[in-house]
Amino acid sequence: MVARESVQPGELLFAVPRAALLSQHTCAISGLLERERDQLQSQSGWVPLLLALLHELQAPASPWRPYFALWPELGRLEHPMFWPEEQRRRLLQGTGVPEAVEKDLANIRSEYYAIVLPFMEAHPDLFSPGVRSLELYHQLVALVMAYSFQEPLEEDEEKEPNPPLMVPAADILNHLCKHNANLEYSPDCLRMVATQPIPKGHEIFNTYGQMANWQLIHMYGFVEPYPDNTDDTADIQMVTVREAALQGTKVEAERLLLYERWDYLCKLEMVGEEGAFVIGREEVLTEEELTTTLKVLCMSAKEFRECRDQDGPGDDTREEDSLTITNIPRLRGSWRKLLRDSVLLTLQNYATDLKTEQDLLSNKEIYTKLSWREQQALQVRYGQKMILHQLLELTA
């Protein structure tokens, strides 16, 4: 969508009345969904909306049919969950995307057979045999993942997240981290408002949030080419830092002490077996967790005993131990070494090195011959490796 006239920041681009939103509360079976909501509880929280979509899709008189006509072709969605498994693993190895997709696929299948299909079979008058399909459900999950909006809670609200909404018009806007518009929520409508000057004829870009490229390709099926995505990140798995620390142990007693420190960090909820430290281009997004982990794992045995006895490492971090990107070269030597060893282990997870990616990106003739999926995956890998190699330089 492009601006028909020049727009200034704060100007209203368009508004969508709440009555025009497609949700579990505005569909034809909203009453049934509300009555049986306890049976429709799921890990995703999306089941009521997905059932609403399944019903409206096959309802001949659905008022949403013109909206559905604007959807992308469901069989041509480009999320990695639709890529062949071999291709997904080959192109995105080390990025975290294959693992996230495997979890998605397992959850989708479980949710469909445990909740969705039994509900549709219990109401055959509302769901024709044509929509009782795992494949269609899979496609609709991807569509909701990419096109729905979730109204934020008020700052002082402590309740479950709001359910997703389908917002006609707003959902056709593309994303950029350096966006020029933003969706605002009000009691009567949702308003798309300009956040930057938009010249006449220029494209209007919304934001889907602070999204790294691996999140964009996982949830939306596209990336921002390097270096455009300033929200890009690289993950260092928490267990990788533990593995790097274990490399420095020489005897069994040291290994046991290190596992004791790890258990202590788990108790403090600073680490977990499936967690990750998130590193951006200009900041460590998980600064508290990584700082505490480096501090505890690099303590002397005496310091660790004192730390454990006082039930926490305290808040006595020196200024030179502040884990900002610019301060990393001034960290204690033991901290820098552990961080560097963790980065080196992380880089081993990729199938290719940084130079290979640079050669592909710098050769326009070769790059243009890559398939669309190969290009997107290359951008994900390259962005992550650039962040990790920056850490190598800072910890040298």
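**View 1. Strands β5 and β6 form a hairpin with three residues between them.** This is a predicted model, in which local features need pLDDT of at least 70 and side-chain atom pairs count only at pLDDT 80 or more, whereas totals for chains, interfaces and linings use all residues. Residues are numbered from 1 along each chain as its sequence is written, and side-chain values use heavy atoms, with hydrogens and water left out. Strands (E, at least two residues) and helices (H or I, at least four) are DSSP runs numbered from the N terminus, and two strands pair if DSSP finds at least two bridges between them. Strand β5 (residues 181-185) runs antiparallel to β6 and is joined to β6 by five bridges, and E184 has R191 in β6 as its bridge partner. Strand β1 (residues 12-17) is likewise antiparallel to β6, with five bridges joining the two, and P17 stands opposite C189 in β6. Because five of the six residues of β6 (residues 189-194) are buried, this strand is largely enclosed by the rest of the structure; buried means under 20% relative accessible area, exposed over 50% and partly exposed in between, with a 1.4 Å probe and protein chains only.

**View 2. Q24 lies in the loop between β1 and α1.** Q24 is buried, with a relative accessible area of 15%. Leaving aside neighbours within four places in sequence, Q24 is in contact (heavy atoms within 4.5 Å) with S30, L33, P48, L49 and P163.

**View 3. Helix α10 (residues 287-297) is largely enclosed by the rest of the structure, because eight of its 11 residues are buried.** The buried residues are L290, T291, T292, T293, L294, K295, V296 and L297. What covers these residues includes the helices α8 (238-247), α9 (252-267), α11 (301-309) and α12 (333-347), together with the strand β9 (276-280).

**View 4. The largest nonpolar core has 52 residues, of which L51 and L54 touch the most other members.** A nonpolar core is a set of buried Ala, Val, Leu, Ile, Met, Phe, Trp, Tyr and Cys residues joined through side-chain atoms within 4.5 Å. The largest share of this core, 10 residues, comes from α5. Not counting residues up to four places away in sequence, L54 touches V116, M120, F127, V131, L136, Y137 and L140. Apart from this core lies another, of 38 residues, among them V271, F304, L338 and V343.

**View 5. The largest pocket has a volume of about 1,100 Å³.** On a 1 Å grid over the protein atoms alone, a pocket is an open set of points with protein on both sides within 12 Å along at least five of seven lines, and lining residues have an atom within 4 Å of a point. Grid points are joined across faces, edges and corners, and a volume is the space filled by probe spheres set on the points. The largest pocket is lined by 42 residues, of which V144, M145, A146, M219 and Y220 lie nearest its centre. By class, this lining has 22 nonpolar, 14 polar and six charged residues, where Ala, Val, Leu, Ile, Met, Phe, Trp, Tyr, Cys and Pro count as nonpolar, Asp, Glu, Lys and Arg as charged, and the others, Gly among them, as polar.

**View 6. The second largest pocket has a volume of about 690 Å³.** Of the 24 residues that line this pocket, G96, E99, A100, D235 and Q237 lie nearest its centre.

Notes: 1 Å grid on protein atoms, 1.4 Å probe; cavity = no way out; pocket = protein on both sides within 12 Å on 5 of 7 lines; lining within 4 Å.
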